[in-house]
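Please read these notes with the sequence and the structure open beside them.

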Amino acid sequence: MRPVILCGGSGSRLWPLFKPKQFQKIFSHNTMFQNTLLRLKSGYMPPIIVTNIQYESLVKKELHALREYKVIFEPVKIGTAAAILIAALLCNENETMLILPSDHFIGDLNDFYASAHKASQIASKTNSIVTFGVKPHEFNSEYGYINAVYDQKEKCHIVKDFTEKPERKLSNDYYWNSGIFVFKAKRYIDEIKKSAPSLYNLCFASVKHFIPQERFLYLKQRDFAGIEGISIDYLVMEKAKNITMVEANFDWLDVGTWNSVLELSEKFSKEPVSFQHVIREKEPVSTTESNKNLLGGAYKQPNKSLISFINKVKKAKAIRREIKPWGFYSIILMSENFLIKYLFINPLSCTSKQFHHYRDEYHIVLSGVGYISLDNKEYSVLKDHVIEIPREVSHRIENRSTSSPLEIVEFQIGEHLSDNDIVRLDDVYGRF
């Protein structure tokens, strides 16, 4: 089989991480992209990696794990349908392709290899496009679903249809869509020719100029400047006939949201979550009357996925809990460069006025109204809103309610995450 690794995503749902998720170190000393490379079986053909040109240095740094490979650099986001097509055009048309996202957690590798081998056999026998379905252990509106029924004669599941991010629980015939596929190169090329002939012509014209011996292949921006990034799910899987599915008999998670990171932490890891981060430098931002409750646009509502996560933080198993004069905090996820806390601030209580040299903070209000002073200005932060607190900026959090607690989810990013980086300027409890 010819592995094709998709490595062009931005991973924006893991805010406030600024490096794409496939280049984060989650539950491993390796990045998720590196673990995807190490997951490749020795008997597989050299992989084709498709990524964005802005990740060139990050990708090249990881390639020491491989002896042979090709890397396709996209000048713009071209979508998974086009990315896979370009890889298919570089293959012999009879080659079987194994499509792998670079940001997944996969458990037992022997079970993974067995599932991939079964999918390869089905693709060769039936010329079908084979997808991997994961049996859900709970309903998750952040995943796509596959409706598939087992066919005793064919010894595989026949796919009836796909449902993208449903709002309600589905029947037992539905599986999570893992985004892992197996098919013959020619079968995929033929599907694109039928459904998107202009896309086929564009990609074919770009590939025919490549030198076969080259390891690094650069698509030209002028060729793809106006392309619409369309996914394989939309362009191929939802329209094609003869789609089959193998049930993934291995632990799997798409580590695309904080909910999935928390699930991994609770289910698979005995150690705290491990992350590496790129810290974005921040410029000072002036505050005017026209944006009275804004700090550089950072005071805003998080997306639906993040709100779902912060509502789970309160119930999550704490790594450590510490009592404070103003209430208590629990550490939920932590690493060398990243930490998430749940803060419980009692009525008519406040933290000290403080600043930090080595970390930036992001506070999201879970319940109540937080009054946060930044330097000499004050901001009221409502439920499900976030405010950014840059390093070196003095701040205090106050709960002015006489009866209700203030609950906050705090994200910390920095090189030194400990109480030793608290510089107190004023404290009603006398701590200095």
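This is a predicted model: local features need pLDDT of at least 70, side-chain atom pairs count only at pLDDT 80 or more; totals for chains, interfaces and linings use all residues.

The points below cover a helix pair, the nonpolar cores and one tyrosine.

1. Geometry of the helix pair. Two packed helices are described by the angle between their axes and the distance between the axes. For helix α3 (residues 80–89) and helix α5 (residues 185–195), the axes come within 9 Å and cross at roughly 130 degrees.

2. Residues between the two helices. On the α3 side, T80, A81, I84, L85, A88 and L89 make the contact; on the α5 side, A185, Y188, I189 and I192 do. Sorted by class, this contact holds nine nonpolar residues, one polar residue and no charged residues.

3. Largest core. The largest nonpolar core contains 69 residues. Within this core, I49, W258, F309, I340 and F411 have the most contacts. Helix α4 (residues 109–126) supplies the largest share, six residues.

4. Surroundings of F411. Setting aside neighbours within four places in sequence, F411 is in contact with W15, P16, W258, L306, F309, F338, L339, I340, D360, E361, Y362 and I364.

5. Second core. A separate core has 47 residues, including L89, M97, Y188 and I192. Among these, L89 belongs to the α3 side of the helix contact, and Y188 and I192 to the α5 side.

6. Y145. K135 is 10 residues away from Y145 in sequence, with 9.9 Å between the two C-alpha atoms.

Notes. Residues are numbered from 1 along each chain as its sequence is written. Side-chain values use heavy atoms; hydrogens and water are left out. Axes are lines fitted to C-alpha atoms, for helices over the stretch in contact, and angles run from 0 to 180 degrees between N-to-C directions. Helices (H or I, at least four residues) and strands (E, at least two) are DSSP runs, numbered from the N terminus. Contact means heavy atoms within 4.5 Å. Ala, Val, Leu, Ile, Met, Phe, Trp, Tyr, Cys and Pro count as nonpolar, Asp, Glu, Lys and Arg as charged, and the others, Gly among them, as polar. A nonpolar core is a set of buried Ala, Val, Leu, Ile, Met, Phe, Trp, Tyr and Cys residues joined through side-chain atoms within 4.5 Å. Buried means under 20% relative accessible area, exposed over 50%, partly exposed in between (1.4 Å probe, protein chains only).
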